[in-house]
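Morning, everyone. Please bring the structure up on your screens, and I'll walk you through the fold.

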Amino acid sequence: MITGGTLQPIRRSAAYWVVSDSSELVKRSLRHIRNDPDQLVGVAVQPVVLVLLFRFFLGGAIHIGGGESYINFLMGGIFIETAALTAMTTGTSVAADMTLGIIDRFRSLPMFTSALLIGHVIADLVRSAVGLVVMVLVGLAVGFRPSAGVADWAAAIGITLLVTFALSWVSAVIGLLGRSVEVVQQLGLLLFLPILASSAFVPTSTLAAPLQAFADDQPFTQAIDSVRALMLHQDPGDHTWLALLWWGGIAVVAFSVASWLFQRRSTM
Amino acid sequence: MLTAQSALPMISVTGLCKSYGPTRVLDDVDLEVQSGQVLALLGPNGAGKTTMVRILATLLKPDSGEVRIGGYDVLHEPKKVRVQIGLSGQLASVDDKLTGLDNLTMFGRLQRLSHRDAVTRAGQLLEEFGLDAAGGRAVKTYSGGMRRRLDLAASLIVAPPLVFLDEPTSSLDPSARHVLWDAIRVLVTNGTTVLLTTHDLDEADQLADVIAIIDRGRIIARGSAAALKAQVGRPRFLVTVPTSHALAAAVSLLGDRASTVDYDTRTVSVICDDRGVDGFRQLRAVVDDLTTSGIPIEEFGLRKPTLDDVFQQLTSADTVAMPRVARSQ
């Protein structure tokens, strides 16, 4: 016997439902990780491969000067690279939701629909944190010797998560523009290009002159240089503030564009 | 309590049009469904069924016309429409990567139930739909039938007065299909208004009070299953003979009585004019005529009207009159 109708919706303020719907959708995305742990494998494995590749295969040929070991130099770059890698998941998850029938069920409910995007973005932060832990452990095993204090660590992790957060919203924009999950996956790789032209793997002074001009001031370099300096207990100079400004700004712009695109695609 | 409100039709559609580019998908559709009724929107793929339901469910914007659900306009008061409807079938899916229980609990919360009520309701629905044992498993491990039942359950969390079912049983095996039909029937006895789409006459026949036949964006017939079948499709006798020579002889003997001839299966069909005794007499006459002329009969059968027949009949004005090839059974 199918019963029902005895349960009454509860009455709460609009703000309550924004928070409640968002937390439901965050739980949903986190359960996706639990039920499909495969997606963590990529997030954890790729930074490990990169650390090992640069440390043992390419690192011997790279001299950074200043008496610093290459692995100590490298880790800041890999932190931010992991942030970019993790952020791609939001794009593919959003694209999958938009192309499968589930978006229609969400749309037919009297809910705060943007919670869907928020859920994926927050889940990316969790994945990113997992990736960071794995990476630091592998780094320590192969000679990474950070000299950061608690405050430095907190700041470095905070900046890395801010980059993940901002890039997740950029990724959400890509997910909403792409017509299929495959297209979004390909477009998501574009997020990586600027990392190659940054201080992630080599000092920018070794880059060709025109590239160096770009690499010196771009947002990835600011975040990487800041994280790197913090972990080696050096003075990050202006890099920290510039990183916060850049990535805070990117987050605000990408969030606004993503919300606008989502409303446009999810209202009739 | 009887008020003017309760006399309002649950669904009221007037002059609804929708085009995709140059293709007119819905062409001036009028439809009314009373509270508590079950209406089947029956038509082939591409007839406009899903477009129609998507518009009614506030998922798609009509080009023109007026659509009211429970008295509320879908364009101007979509939120008030949404609290009254449940969506299931091809229309709205569940989350594959969540368990059945997590799906129902989440959708309950998103429909403004308290956390405790959402969990309680999810448990009830899993039990009622025979999914309690599978509730803790991810939906991607479910069979097609289980998935559809969960999908239906997800649309019934707050017991909405109106439920849309878009091709609820397509691609299900016969037993899974009957289980789902039973679930839909129970829903109906609780007074829920249902609009279901299907391309299967039998499904419409099993579930609906009223059937509206839609073809190329227009509703071309509307009535009870019995009325429609009486109007458009009558049963056919199917006579199969062993050789093509015998088939030629049978066709010439039956003359005008032969409605369709299928040369591949050597089967000729005769439309049955009556369901009762007269029909039986007619049938006996066919058998007598064939046997007295020495035409051997390999197989003999009766075929009930199908959606094919209904369609051929309703759209026959557009088609050139020529012997049609019967579908083999």
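Two strands pair if DSSP finds at least two bridges between them. Helices (H or I, at least four residues) and strands (E, at least two) are DSSP runs, numbered from the N terminus.

Now the ground rules. This is a predicted model, where local features need pLDDT of at least 70, side-chain atom pairs count only at pLDDT 80 or more, and totals for chains, interfaces and linings use all residues. Residues are numbered from 1 along each chain as its sequence is written, while chains are lettered from A and ligands numbered from 1 in the order in which they are written.

Start with chain B. It has twelve helices and 14 strands.

Take the antiparallel sheet. Four strands of chain B form an open sheet, ordered E2-E1-E4-E5, with antiparallel pairing. Which strands stand at the edges? Strand E2 (23-33) and strand E5 (72-73) of chain B do; each has a single partner strand, so one side of each lacks a neighbour in the sheet. Strand E1 of chain B, residues 11-20, pairs with E2(B) over seven bridges, in the antiparallel sense. For a landmark, B:Ser12 has B:Glu32 in E2(B) as its bridge partner.

Buried or exposed, or something between? I use C-beta atoms placed from the backbone: a residue is buried if 20 or more others lie within 10 Å of its own, exposed if 12 or fewer, and partly exposed in between. B:Gln34 has 15 C-beta neighbours inside 10 Å, so it counts as partly exposed. A contact means that the C-beta atoms of two residues, placed from the backbone, lie within 7 Å. Setting aside neighbours within four places in sequence, B:Gln34 is in contact with B:Pro9 and B:Met10. Its C-alpha atom is 26 Å from that of B:Arg149, which is 115 residues away along the chain.

Next, the mixed sheet. Six strands of chain B make an open sheet in the order E6-E7-E8-E3-E9-E10, and the pairing is mixed. Strand E6 (85-89) and strand E10 (218-223) of chain B are at the edges, each with a single partner strand, so one side of each has no neighbour in the sheet. On average, the twist is 15° from one strand to the next. E3(B) pairs with strand E9 of chain B, residues 210-215, in the parallel sense over four bridges. There, B:Leu39 has B:Val210 in E9(B) as its bridge partner. H7(B) packs on this sheet, touching E3, strand E7 (162-166) and strand E8 (193-198) of chain B, and its direction makes about 150° with that of E8(B).

Angles need a convention. Axes are lines fitted to C-alpha atoms, for helices over the stretch in contact, and angles run from 0 to 180 degrees between N-to-C directions. Angles under 35 degrees count as roughly parallel, over 145 as roughly antiparallel, 65 to 115 as roughly perpendicular and the rest as oblique.

Two helix pairs, then. In chain B, helix H6 (residues 144-154) packs against helix H7 (residues 174-189) at about 15°, with the axes 9 Å apart. That angle makes H6(B) roughly parallel to H7(B). On the H6(B) side, the residues that meet H7(B) include B:Arg149 and B:Leu152. In chain A, helix H2 (residues 38-58) and helix H3 (residues 70-99) pack at about 155°, with their axes 10 Å apart. H2(A) and H3(A) are therefore roughly antiparallel.

Back to chain B for strand E11, residues 236-240. Why is it largely enclosed by the rest of the structure? Four of its five residues are buried, so E11(B) is largely enclosed. E11(B) pairs antiparallel with strand E13 (residues 267-271) of chain B over five bridges. Five bridges also join E11(B) to strand E14 (residues 299-303) of chain B, again antiparallel. B:Leu238 faces B:Ser269 in E13(B) and B:Gly301 in E14(B).

Last, the cores. A nonpolar core is a set of buried Ala, Val, Leu, Ile, Met, Phe, Trp, Tyr and Cys residues joined through C-beta atoms within 7 Å. The largest has 142 residues, and those with the most contacts inside it include A:Ala166, A:Trp169 and B:Leu56. A second, separate core has 13 residues, among them B:Phe237 and B:Val270.
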